[in-house]
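User: I would like to go through this model with you. Could we begin with the aromatic rings and then turn to the helices?

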Amino acid sequence: MLERCVKNPLTLHRLHTGPAGPCLDGFAESMGAAGYSSETIGSYLHAADHLGQWAAQRRVAIADLDEDLLARFARHLPRCRCRGGKRRGHRGVPFRVHAFLRYLRNAGIVTTTAPEATRPPLVTEYGAWMRDRRGLAATTMAYSVRVVQALLGTVGDNPTGLAVAGVRRFVLEYIQQHAPASAGCVTTVVRCFLRWLVVHGRCAPDLVAAVPTMPTWRLATLPRYLPDADVERIVEACDRPSPVARRDRAMLLLLARLGLRAGDVVALRLGDIEWEQGRLRVVGKGRRETRLPLPQDAGDAMLGYLEAERPAAATDHVFLTARPPIHPLRSSGLRDVVCRAIGRAGVQAPSRGTHLLRHSLATRLLRDGATLDAIGAVLRHRDVNTTALYAKVDVGLLRQVAQPWPDAEGSSC
C-alpha cells in the first residue's frame, strides 16, 4: 500500500525502516478504505513517521503513545529539527497524528485508553441506568444526558444544591434557548431524573413537583405541508451534474413517497432492501419492524446510486457520505440535503426539515380519500390521535360540517 502513496524510493525506504514502519501499511490501508486519496494518505504517513522518530528519540515505544505525548509532540513542532519535518511544514500534522493514534488503538497496537469526555460521575451513573434498566435508544439517552448535565451544572454537579426555585428557573430558561416543541421533552427528562435522585435519596421529594407543566395542544395547529407540485419540484432539483445527485434523489423519494423519518432513511442497510419482493424493511421508533412497498421511482433511484455513486466502504449502510472519511450519513446530513433541495427548487416552504415531506404525503393521502387508519398505517403511528392531526387539513370538508357562528343579537353572551 505504501508504494501507491509514496513514489520516492528513498522516502519509501525511510518510512519502512522508521520506528513507525511496521504500522504504516495497515494505517494506509485503513485510510484507503475510508476513501482518502493517495496524496492525502501520503501526508498522513509522513506525519506518522515524524511522530515515530520523535518518540524514538525520547525512548517512547509506539505502543505507549497517548494524548499527552501527542500534545508534547505538537509543542515540539515549531522548533522541530527532525529529518524531513521542517521541509514539509507542520500545518495539519497534529490532526494527522491523532488519526494515527486512533488507528493504533483500533488495531490493538496501543493499549492506552482514550480519555473520556468530561462528564460528572452522577451523569454517567444515570446514563448507565437509562441504558440497563429502561433500554432507551442511544439518541434518547444522548438528549437526556445533555439536559441532565446542564441541570447539574447550575449547582456545581452537586444534586444536594438543587432547590425548587432553581429547578423551575432552569427549565424555563432552557426551553427559551431551544425549540418550543422541545418543552415537553425537557420537562419529562428533568422530572424523570429528579425521581431517580429521590429514589436514591439524593434530593428532596418535593423537587419533582417543582418541574413546571408545559401546556401542549397537539391539535391546536395545522400540519405544515407542501402541495404535490412543490414536492415534485424539490425531487427534480436533484437532477443535476453532481457526484451525490442520485443519492440525494433516492433519499428524497423515500421521504416523499413512503413518509419515512430521517432516522429511518439513514439507518437503512443493504439487507433491508428486498429487491425480489419490491419492499423495504424499516425499523422505526420503539424498534418496531415494518415492511413497506418500494415505489418504482424510489427503487430505480436507489439502484442507480448503488451502482454508480456509492463509495466502497466497510459498512452495509445504504447512504454514505461523499467525502472522506466515508461513513454512514447522519440525520443532520439528510436535513441539510432537504434544505438545499428546497432552496434549489425555489419553493417557499413553511419549514425546511425532513418531516415537511412526511406531512405532505399524509395530506395528499387524506385529500385522495384515504382514511385516517390507512394514513396511520403508512406513517406507522402507534396512536390514532397522532394521525388525527391531519384531519384538519381538508379545509373544504371542515367548512361543510362547521356550525355557523351565532349572531351577536341572538347570543346569550
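Analyst: Let us start with a definition: rings of Phe, Tyr and Trp (its six-membered ring) pair if their centres lie within 6.5 Å. Please note that this is a predicted model.

User: How many aromatic pairs does a search of the whole structure find?

Analyst: The search finds 13 aromatic pairs. One of the pairs is formed by Tyr 305 and Phe 319; their rings are stacked, with 5.6 Å centre to centre and 25° between the planes.

User: Where in the chain are Tyr 305 and Phe 319?

Analyst: Tyr 305 belongs to helix α15 (residues 296–308), whereas Phe 319 lies in the loop between α15 and α16 (331–345). They are 14 residues apart, and the pair links distant parts of the chain.

User: And are Tyr 305 and Phe 319 buried or exposed?

Analyst: Both Tyr 305 and Phe 319 are buried.

User: Which residues do ring pairs link into a cluster?

Analyst: The cluster consists of Phe 27, Tyr 36, Tyr 44, Phe 95, Phe 100 and Tyr 103.

User: Now the helices. At what angle do the axes of α4 and α5 cross?

Analyst: The axes of α4 (residues 38–57) and α5 (residues 67–76) cross at roughly 100° and come within 11 Å. The two helices are therefore roughly perpendicular to each other.

User: Which residues make that contact?

Analyst: Helix α4 contributes His 50, Leu 51 and Trp 54, and helix α5 contributes Leu 69, Leu 70, Arg 72, Phe 73 and His 76. Of these contact residues, 5 are nonpolar, 2 polar and 1 charged.

Terms used. Residues numbered from 1 in each chain as written. Predicted model: local features only at pLDDT ≥ 70, side-chain atom pairs only at ≥ 80, totals over all residues. Heavy atoms only, no water. Axes fitted to C-alpha atoms, helices over the stretch in contact; angles between N-to-C directions. Helix = DSSP H or I, 4+ residues; strand = E, 2+ residues; numbered from the N terminus. Parallel < 35°, antiparallel > 145°, perpendicular 65-115°, else oblique. Contact = heavy atoms within 4.5 Å. Nonpolar A, V, L, I, M, F, W, Y, C, P; charged D, E, K, R; others polar. Phe/Tyr/Trp six-rings, centres within 6.5 Å; stacked < 30°, edge-to-face > 60°. Buried < 20%, exposed > 50% of the residue type's maximum accessible area, 1.4 Å probe, protein only.
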